[in-house]
Amino acid sequence: MVKKTVKIKINDQEIVCEEGKTIFEVAAANGIEIPTLCEHPDFPHKANCRVCAVEVKGPSASSGRAKLVPACSVPVRDGMEVITASDRVKRSRNLNLEMIFAEHVEKCATCVWRLNCKLLAYAEKFKIPINRFKDRKGDRPIYKFSNAVEIDGTQCIDCRNCIDACSLGQNINYLELRGKGLDQEVAPVKKKGVECILCGQCAVHCPVSAAQEQAHWQEVEKALKEKKKRVVALLAPYVRISLCEDFKMNYGELKAEQLAAALKFLGFSHVFDLGASLPALAAAQSRELIKGEKGRRGPLLSSCCPAWVRYVEFYRPDLVKNLATAKAPQVASGEMIKAGWAEKNKFDPRDILVVSISPCTAKKFETTRREAKIKGRPAVDIALTTREIAWLFKKNNLDLAGLKAVSLDKFDGEAVTDYPGSGQIMLPFLDKKKYYEKFAEEGSETFELKIGKKKFRFCRVNGIRHAQEKLKELDTFDYLEVLACPGGCIGGGGEPIPTTRELVCARAAAMLKTKAKK
Amino acid sequence: MDILSKIKKANLIGRGGACYPVADKWQMVKEAKGDEKYVVCNASEGEPGVKKDGYIIEHFAERVIDGMAIAIEFLGAKQGIFYVNHHYFKRHKKLLATEVAKSGTAIEIFSKPVEAGYIGGEETTALNVIEGKRAEPRHRPPFPPTSGLWSRPTLVNNVETFYDVSLVAAGEYQGERFYTLSGDCLYEGVFKLPADFSIEKILKATHNLPKFPFFVQVGGDGSGEVLNQKQLKKPVGGAGSIRVWSLEKYQPARLLLNWITFFQGESCGQCTPCREGTYRLKEILSQEKVDWNTVAELLDNLPDTAFCALGCAVPTPIRSYINNVLKVQPAGAVKLPEETLRAIRESIK
């Protein structure tokens with residue numbers, strides 16, 4: 001169906017565009033930047049920040065002069081004339097930004113977002129005085145969820161993206177808007193039977209880092225500086241893809257080996273692929289699937305995603321016994337380091353600090369689990385998100401593109417694995433080509449899993465809301481692999497911001513096209 | 001003649017405050033796509049100083065329900081909803097239920113929760129409240145005639161509008177409307193008088209024209225325009241209320257603060273210019289020394305970027321009071337220091 005086109009003008013530039021697109025979309029497609037905070041392509045237009053105001057010529061009903069409209073939610077019409085930076089627009093836009101600033105207590109000194117922050121960028125670009133109004137949210141609470149995610153009420157600008165992420169996105173509905181008018185705040189619902197699964201989708205959709213991961217980079221920085229322990233990195237393979245966005249490189253230009261070099265520059269003594277344990281896990285889990293049904297009625301459920309495990313434990317305790325007993329990837333890899341590798345090299349495991357680096361917020365919680373301990377100590381000591389490591393790199397002025405590649409360390413198997421982030425564990429038994437076709441799309445897909453001569457019905461799911469649906473059809477698969485984040489780990493709560501459905505698909509495509517190895 | 005032509009001939013305009021031509025709106029809903037349509041009577045009457053809808057419900061409930069029934073039949077609507085504020089619901093629920101039962105029309109009486117507040121009277125907010133959502137306005141477009149209650153075409157009209165429709169259908173409409181008078185006047189209350197009467201005529205006819213220096217606020221004590229004694233030759237707009245203020249009785253600072261406090265407390269909080277803007281205005285206007293330049297900036301920003309009509313209305317009483325009263329009075333008559341008056345004159349246009 002051919003979509004109707006219309007002719008409009010933006011800043012006197014004639015543009016032919018598709019009818020029904022918003023002013024914001026058309027401007028973006030033509031390289032014209034309109035600032036915004038609340039707009040996110042993953043969710044319906046909210047138009048509440050009112051920063052994207054533009055002037056539209058043509059008499060408005062009441063005043064007869066041109067009117068200001070929010071570009072994010074107003075569709076283009078034939079003959080429309082838009083001005084994005086008139087004096088009138090600047091006055092309103094800047095004043096709204098100023099007032100938004102006064103809703104956000106600045107904690108720039110320790111914020112991983114400092115060098116990426118939209119608020120600071122706009123303040124500088126538009127020369128906005130950020131101190132005319134006193135901060136008004138200084139006494140708001142900071143809601144913390146386990147050690148993984150937090151909503152800092154002192155910094156919230158009321159854009160509601162986190163609520164959309166938790167409800168429209170994940171269907172967990174743990175966050176709500178409480179209170180009226182000025183007093184409104186984002187808070188956990190006061191309802192029994194609803195719990196946070198720590199997926200961090202709220203954090204990855206927040207424009208101002210009010211919803212964010214709980215920071216652990218300071219601990220890592222301290223350990224690297226003190227040099228009292230051997231600080232070892234477990235690097236998730238797909239970090240090299242999404243980090244390109246933060247460092248303005250094309251996908252594929254950043255190799256895992258350059259990241260290893262950067263980490264070693266920071267002081268990490270060794271850098272391992274987080275997926276190092278995956279081959280062993282695949283074997284263990286396939287055995288479990290085959291051995292089957294001892295005490296387990298129904299399908300085997302994956303346990304590699306800590307947010308999914310938390311979901312099952314809280315929402316479907318009846319299915320806990322269906323969870324695979326194989327350890328999660330970071331835990332298994334951490335164990336490999338602290339046991340086998342340490343022994344082989346005659347290192348005291350108590351002198352090793354294992355730091356995992358991945359796009360995951362729930363992994364922070366996972367490090368504290370009872371099952372994630374080896375000889376009473378955590379297999380992984382600290383889990384950092386992609387954002388936190390990006391911050392550490394930038395803080396140290398690391399030019400990732402210019403770094404000379406250094407091999408990743410290996411222990412047992414390949415130095416670099418290339419698991420894309422979904423169906424991680426069972427990949428050796430799947431038709432990879434078929435699997436890779438849509439693995440980053442939201443939703444679920446069923447495949448045939450072949451282990452030796454045995455065939456199993458394998459279902460992979462991206463996004464917890466789709467998993468909720470699948471749990472109603474337990475008899476339609478033998479093995480269910482769930483990643484709680486939409487798009488899988490490359491859409492994870494710890495990924496760089498922005499993360500949108502479109503970017504997730506682009507990252508996935510890049511992941512498949514480019515190889516991690518040199 | 002069919003009812004739509006009768007309404008058109010009578011030139012009925014909406015009596016909820018926006019004065020939109022009734023026939024046009026009815027036609028839009030009629031022509032909207034979809035077979036499930038709704039009719040909502042907005043009886044929230046949240047504008048301070050406006051009491052006419054409560055009066056009409058008390059004395060003419062039958063006509064109001066009749067007007068709704070006419071609309072429901074004309075549109076083939078699935079249901080009517082009488083969206084009434086909590087206070088009126090408590091007082092008149094039996095009366096309303098009786099009239100609905102008598103008319104035999106599918107009309108649900110919906111008691112508006114108190115927390116919905118002033119913004120709960122805004123039509124898209126009313127729809128959200130009926131749907132069980134937060135009391136906040138919706139994006140417009142789409143407008144209720146094409147996408148309203150449960151996204152279906154919906155006719156939203158005021159109590160008095162439906163009353164007028166009933167009169168028109170019976171051939172008894174005489175071009176009158178209900179005015180609410182209050183404030184520093186002898187006879188407060190609701191009065192029925194010709195719709196084309198000027199403010200001055202209404203004050204005279206109700207024996208309320210003051211002998212002392214005064215100004216008025218018309219259309220609502222919250223969002224209405226403030227006019228001085230020389231500006232009373234025009235008709236009353238908005239929701240048809242006149243609030244009389246004695247010039248000497250009130251401190252300008254107090255008046256300004258009252259208006260902004262009202263808006264700040266009723267702001268739904270959805271958008272930056274209103275949620276933050278009314279808060280900062282209140283903060284500034286509460287101080288001894290007011291930064292009038294910032295006040296002007298905040299006032300300008302509201303109609304330009306506010307999400308809904310409440311935000312756009314905030315500057316109306318404040319600006320009109322300053323321009324029509326403060327600026328034209330000699331400094332002695334207005335209780336403000338000369339330099340403050342000068343600063344106001346310079347900053348607020």
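Contact here means heavy atoms within 4.5 Å. By that rule, the contact in this predicted model takes 32 residues from chain A and 29 residues from chain B. Residues are numbered from 1 along each chain as its sequence is written, chains are lettered from A in the order in which they are written, and side-chain values use heavy atoms, with hydrogens and water left out. Because the model is predicted, local features need pLDDT of at least 70 and side-chain atom pairs count only at pLDDT 80 or more, while totals for chains, interfaces and linings use all residues.

The area buried between chain A and chain B is about 2,400 Å². Buried area is the accessible area (1.4 Å probe) that two parts lose on being put together, summed over both. Carbon and sulfur atoms give 47% of the area between these chains. Seven salt bridges cross the interface of chain A and chain B. A salt bridge is a side-chain nitrogen of Lys or Arg within 4 Å of a carboxyl oxygen of Asp or Glu. One of them pairs Arg88(A) with Asp304(B), whose closest N and O atoms are 2.6 Å apart. Between chain A and chain B, 20 residue pairs are in polar contact, both residues at pLDDT 80 or more. A polar contact is a pair of N or O atoms within 3.5 Å; within protein, one must be able to donate a hydrogen and the other to accept it, and residues adjacent in sequence count only if both atoms are side-chain atoms.

On the side of chain A that touches chain B, helix H2 (87-101) and strand S8 (175-178) of chain A each supply at least two residues. Helices (H or I, at least four residues) and strands (E, at least two) are DSSP runs, numbered from the N terminus. H2(A) gives the most to this side, with six residues.

The largest nonpolar core has 151 residues. Such a core is a set of buried Ala, Val, Leu, Ile, Met, Phe, Trp, Tyr and Cys residues joined through side-chain atoms within 4.5 Å. Buried means under 20% relative accessible area, exposed over 50%, and partly exposed in between (1.4 Å probe, protein chains only). Leu37(A), Leu175(A), Leu243(A), Trp308(A) and Phe393(A) touch the most other members of the largest core. Helix H8 (residues 256-266) of chain A gives the largest share of this core, six residues. Beyond its neighbours within four places in sequence, Leu37(A) is in contact with residues including Cys49(A), Leu97(A), Tyr122(A) and Val208(A). A second, separate core of 65 residues includes Ile119(B), Leu256(B), Leu299(B) and Leu310(B).

Over all chains, the structure holds 57 salt bridges. Asp164(A) bridges to Lys46(A), with the closest N and O atoms 2.8 Å apart. This pair links distant parts of the chain, 118 residues apart. Asp164(A) lies in helix H4 (residues 161-169) of chain A, and Lys46(A) in the loop between helix H1 (23-29) and strand S3 (53-57) of chain A. Asp164(A) and Lys46(A) are buried.

Arg387(A) and Glu213(A) form another salt bridge (2.9 Å, N to O). Arg387(A) is in helix H13 (residues 386-395) and Glu213(A) in strand S10 (residues 211-213), both of chain A, so the pair ties together parts 174 residues apart in sequence. Both Arg387(A) and Glu213(A) are buried.

Glu226(A) and Lys222(A) meet in a salt bridge at 3.5 Å, N to O. Both lie in helix H6 (residues 217-226) of chain A, four residues apart, about one turn of the helix. Glu226(A) is partly exposed, at 38% relative accessibility, and Lys222(A) is exposed, at 52%.
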